[in-house]
Amino acid sequence: MQRRHFLAALPAACAGAALAQGKPPVALKFTLDFRVTSQTAPFFLALQKGYYRDEGLDVSIDVGSGSVASITRVASGAYQLGLGDISALIEFQAQNPGAARVQAVYQYYNRAPFAIIGRKDRGITADFASLKGKKVAAAAVESTRRVWPLVAQRQNLPADLFSWSTTEFSARDNVVVRGDVDAATYFHDSAVSLFARIKPEELSVLRYTDAGVQLYGNAILASSALLAEQPAVVAAFLRASNRAIVECLAQPALAVAAVRQREPILDEKLEAARWAITSQYLAAPDTRRHGLGDIDPQLLARQVEQVGHAFDLKSVPAPDALFHRGLLPPLAARMAKA
């Protein structure tokens, strides 16, 4: 499969340049995984600075309602591209065997920003064992909650160390602030809204990466139909997006300005703090070796196995069916300059 993708991608670099030469721009619909924040600032920067237009693309960006919804949108053909979690994609492909309808093409979060954040006045420390007997808020279906058993295993802790309190995403801050629960699951960068209500020094951030759980997070996803029929279009989108990602990492103020241009109501300081956290997960240490957007095939294969076990999947997809690496920009263009 990877060979077939590679052969299809051979003309992409040349054809990508031709997209913008005297032809109408190619319309693309891109869905975020959630609302507009600095977590996804580079896509808005690429749109506002004309990077997509320069590649011959007419890109529209819509808000999302979670990784599963993003994957479904792309699989259905409603959107050609989206942002969604690799673990959720593993499950989707496992539940929809056969030819893959959606594949990852650029690893955005090089590490999943999964974390449990708890109140120190409830006895929660930087040690995962301090969660024993506590109540932790989480949405019913979210990867942070579902891969908790991997953390427990790595830390030699029982999976039922604490009890879950099923809570909508929008209510997590409130239940933590009120003290209805002792902690809650978060994308680490999403927790800045909580940090604005409870002083960060009064909270403990238990990052899954610190527990030794190395998982890829949200990636840029493409429909397999687009990959097969117009690989040059995908390559062009990745070039423009990657250009903006590198710029945002080097100049954080650009990230904040880009999202505030789209959503002027956003708080500048809050979004700056959010991007500072996001950037740590985008430019994780191993991107110094293989660059932004790429993956370590062995690490991805291990994640497929781990997620299959944690999600109780009867079968799992082949890593090559999950991630199409053949359309990434050149390595030199994917090196973070931050």
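Two strands are said to pair if DSSP finds at least two bridges between them. Helices (H or I, at least four residues) and strands (E, at least two) are DSSP runs, numbered from the N terminus. The model is a predicted one, in which local features need pLDDT of at least 70 and side-chain atom pairs count only at pLDDT 80 or more, while totals for chains, interfaces and linings use all residues. Residues are numbered from 1 along each chain as its sequence is written, and side-chain values use heavy atoms, with hydrogens and water left out.

Strand 1 pairs with strand 3 (residues 81-85) in the parallel sense over two bridges, and Phe30 has Leu81 of strand 3 as its bridge partner. Strand 1 also pairs with strand 2 (residues 57-62), again in the parallel sense, over six bridges. There, Ala27 stands opposite Asp58 of strand 2.

These strands belong to an open sheet of five strands with mixed pairing, in the order 2-1-3-10-4. Strand 2 and strand 4 (102-107) are the edge strands, each pairing on one side only. From one strand to the next the twist averages 30 degrees; axes are lines fitted to C-alpha atoms, for helices over the stretch in contact, and angles run from 0 to 180 degrees between N-to-C directions. Helix 3 (residues 41-48) packs on this sheet and touches strand 1, strand 2, strand 3 and strand 10, its direction making about 140 degrees with that of strand 2. Contact here means heavy atoms within 4.5 Å. Helix 6 packs on the sheet as well, touching strand 3, strand 4 and strand 10, and its direction makes about 160 degrees with that of strand 4.

Helix 6 (residues 86-95) also meets helix 5 (residues 67-76): their axes come within 9 Å and cross at roughly 50 degrees. Helix 5 and helix 6 are therefore oblique to each other, given that angles under 35 degrees count as roughly parallel, over 145 as roughly antiparallel, 65 to 115 as roughly perpendicular and the rest as oblique. Helix 5 contributes Ser67, Val68, Ile71 and Ala75 to the contact, and helix 6 contributes Ala88, Leu89 and Phe92. Of these residues, six are nonpolar, one is polar and none is charged. In this division Ala, Val, Leu, Ile, Met, Phe, Trp, Tyr, Cys and Pro count as nonpolar, Asp, Glu, Lys and Arg as charged, and the others, Gly among them, as polar.

Another open sheet of five strands has the order 7-6-8-5-9, with mixed pairing. Its edge strands, each pairing on one side only, are strand 7 (163-166) and strand 9 (203-207). Strand 5 (residues 114-119) and strand 9 run antiparallel and are joined by five bridges. Ile117 has Val205 of strand 9 as its bridge partner.

Gln214 is partly exposed because its relative accessible area is 28%; buried means under 20%, exposed over 50%, and partly exposed in between (1.4 Å probe, protein chains only). Leaving aside residues up to four places away in sequence, Gln214 touches Arg111, Thr209 and Leu299. Gln214 and Leu299 are 85 residues apart in sequence and 7.9 Å apart in space, C-alpha to C-alpha.
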